[in-house]
Amino acid sequence: MASSSTGSPCNNDEDGENIITQSTSSGPPPPPFEIPIKWPPQGALSIEWVESLAAVFDWSSRHVAPSELPSVLPVSVFDSLAMSASKILHREPNCLEIDVDSNCSVVVVGDVHGQLHDVLNLLQTAGPPSPSRLFVFNGDYVDRGAWGLETFLLLLAWKVLLPHRVFLLRGNHESKFCTAFYGFEQEVMAKYGDQGKHIYRKCLGCFEGLPLASIIAGCVYTAHGGLFRNTESPLSKRSKGKKGRRLVSCSDSKVLRLGSLGELARARRVVLDPPWEGLNLIPGDVLWSDPSTHPGLSPNKERGIGLLWGPDCTEEFLNKNHLKFIVGDAVDYQVT
């Protein structure tokens with residue numbers, strides 16, 4: 001009697017010969033959609049394309065080695081998506097004014113840090129962006145998690161598809177310094193190899209375009225960090241200057257004062273690493289500042305960048321700008 005291989009079922013055919021059949025292997029399931037992903041004709045994204053991108057990213061995160069991601073998402077498709085999103089982001093103001101219809105819900109999302117599956121679960125639980133549901137993502141899309149690139153690209157795809165229903169703000173990790181130190185740059189290089197530097201530079205270009213803050217429904221101020229300093233001071237009557245104002249750095253004044261929304265609108269945000277000194281301090285404040293139980297404004301010595309602001313500053317900022325809430329990475333305050 002012929003013997004079969006261990007663990008494999010043995011069947012006899014009509015001629016009495018043994019046929020060895022392979023045992024069912026637990027190999028990866030096929031992808032839910034065709035791969036590699038193709039860029040749609042004329043760049044016209046559809047909800048079906050974005051949902052297929054999400055499904056393929058979910059599948060590849062579980063069944064494909066990181067170095068094989070180019071076989072799923074070719075560089076050419078990445079380039080098209082990054083370029084389309086970057087054009088939209090760079091056209092947006094520093095502080096978005098987000099109008100909300102009475103029948104529209106708003107979902108504000110904090111740090112996602114490369115947790116692709118949490119984002120997918122959120123979109124399934126809360127429902128995807130739609131005419132009746134908008135999302136404000138408050139930064140920190142990358143670093144720490146293993147799928148920062150996929151997470152960021154999926155959100156960019158939603159932004160391109162529904163630019164007035166998906167808003168992407170900048171976090172302090174959307175910088176060259178943080179992404180080089182906390183893992184995103186290494187993640188991109190591991191996934192795209194020789195093309196990694198190109199992919200990384202394109203992502204940095206998108207980071208530069210991310211708005212710094214938003215005001216939702218005219219009453220909710222959102223930013224990754226929070227409040228920011230005044231960088232303009234009136235000149236004396238005898239001094240001369242354009243519109244009677246001059247820019248000052250930290251060292252010009254011992255007393256820190258709250259900045260205005262007008263100053264926020266004029267700040268230069270397209271910097272990879274916000275400065276911690278000099279004239280362009282507002283982006284660093286907005287991204288790195290923290291709330292404090294102590295009154296007043298003071299330098300954020302623990303971080304080495306940004307400010308600490310007290311409850312009195314919260315009340316002053318809200319009342320001055322006719323707002324009700326401040327929502328940030330480490331803060332959720334309302335006027336009392």
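Guide: Two strands count as paired when DSSP finds at least two bridges between them. This is a predicted model. In it, β11 and strand β13 (residues 307-309) run parallel and are joined by 2 bridges. Within that pair, Trp309 of β13 is the bridge partner of Pro291.

Visitor: In what order do the 3 strands of the open sheet stand, and which strands are at the edges?

Guide: The order is β11-β13-β12, and the pairing is mixed. The edges are taken by β11 (290-291) and β12 (297-299); each has a single partner strand, so one side of each lacks a neighbour in the sheet.

Visitor: How do β3 and β7 pair, and over how many bridges?

Guide: Strand β3 (residues 95-98) pairs with β7 in the parallel sense, over 4 bridges.

Visitor: Which way do the residues of strand β7 point, and are they buried or exposed?

Guide: In β7 (residues 213-216), Ala213 and Ile215 point one way, while Ser214 and Ile216 point the other way. All of these residues are buried.

Visitor: Where does Gln42 lie, and is Gln42 buried or exposed?

Guide: Gln42 lies in the loop between β2 and α1. Its relative accessibility is 80%, so Gln42 counts as exposed. Pro36 has its place in the loop between β2 (18-20) and α1 (47-63). The peptide bond leading from Ile35 to Pro36 is cis, with omega near 0°.

Visitor: Where does His322 lie, and what is its phi?

Guide: His322 sits in the loop between α11 and β14 (325-328). Although His322 is not a glycine, its phi is positive, at about 55°. With a relative accessible area of 68%, His322 is exposed.

Visitor: How do I read which side of a helix is buried?

Guide: An α-helix has 3.6 residues a turn, so residues three or four places apart point the same way. For helix α11 (residues 311-320), the buried residues are Cys313, Thr314, Phe317 and Leu318. These cover an arc of only 125° around the axis, which puts them on the same side of α11.

Visitor: And how do I read a nonpolar core?

Guide: In soluble globular proteins, nonpolar side chains tend to be buried together. Here the largest nonpolar core has 53 residues, and the members that touch the most others are Leu73, Tyr141, Leu149 and Leu154. Helix α5 (residues 148-161) gives the most to this core, with 9 residues. Apart from it lies another core, of 25 residues, including Tyr221, Leu227, Trp288 and Leu297.

Visitor: With which residues is Tyr141 in contact, leaving aside its neighbours within four places in sequence?

Guide: With those neighbours left aside, the contacts of Tyr141 include Val112, His113, Gly114, Phe152, Leu155, Leu168 and Leu210. Glu174 and Thr151 are also among them.

Visitor: Where is Gly110 found, and how far apart are Gly110 and Val327 in space?

Guide: Gly110 is found in the loop between β4 (105-109) and α4 (116-126). From C-alpha to C-alpha, Gly110 and Val327 are 9.5 Å apart in space, against 217 residues in sequence. Leaving aside neighbours within four places in sequence, Gly110 is in contact with Asn138 and Gly139. Gly110 has 36% relative accessibility, so it counts as partly exposed; the band for that class lies between 20% and 50%.

Visitor: How is empty space inside a model found?

Guide: Rolling a probe the size of a water molecule over the atoms shows where empty space is left. For the whole structure, the search finds 1 cavity of 30 Å³ or more.

Visitor: What is the volume of the largest cavity, and which residues lie nearest its centre?

Guide: Its volume is about 40 Å³. The lining of the largest cavity consists of 10 residues, and those nearest its centre are His224, Gly225, Ser289, Asp290 and Arg303.

Conventions
Residues numbered from 1 in each chain as written. Predicted model: local features only at pLDDT ≥ 70, side-chain atom pairs only at ≥ 80, totals over all residues. Heavy atoms only, no water. Buried < 20%, exposed > 50% of the residue type's maximum accessible area, 1.4 Å probe, protein only. Arc of directions from axis to C-beta. Core = buried A, V, L, I, M, F, W, Y, C linked by side-chain atoms within 4.5 Å. Contact = heavy atoms within 4.5 Å. 1 Å grid on protein atoms, 1.4 Å probe; cavity = no way out; pocket = protein on both sides within 12 Å on 5 of 7 lines; lining within 4 Å. Points joined across faces, edges and corners; volume = space filled by probe spheres on them.
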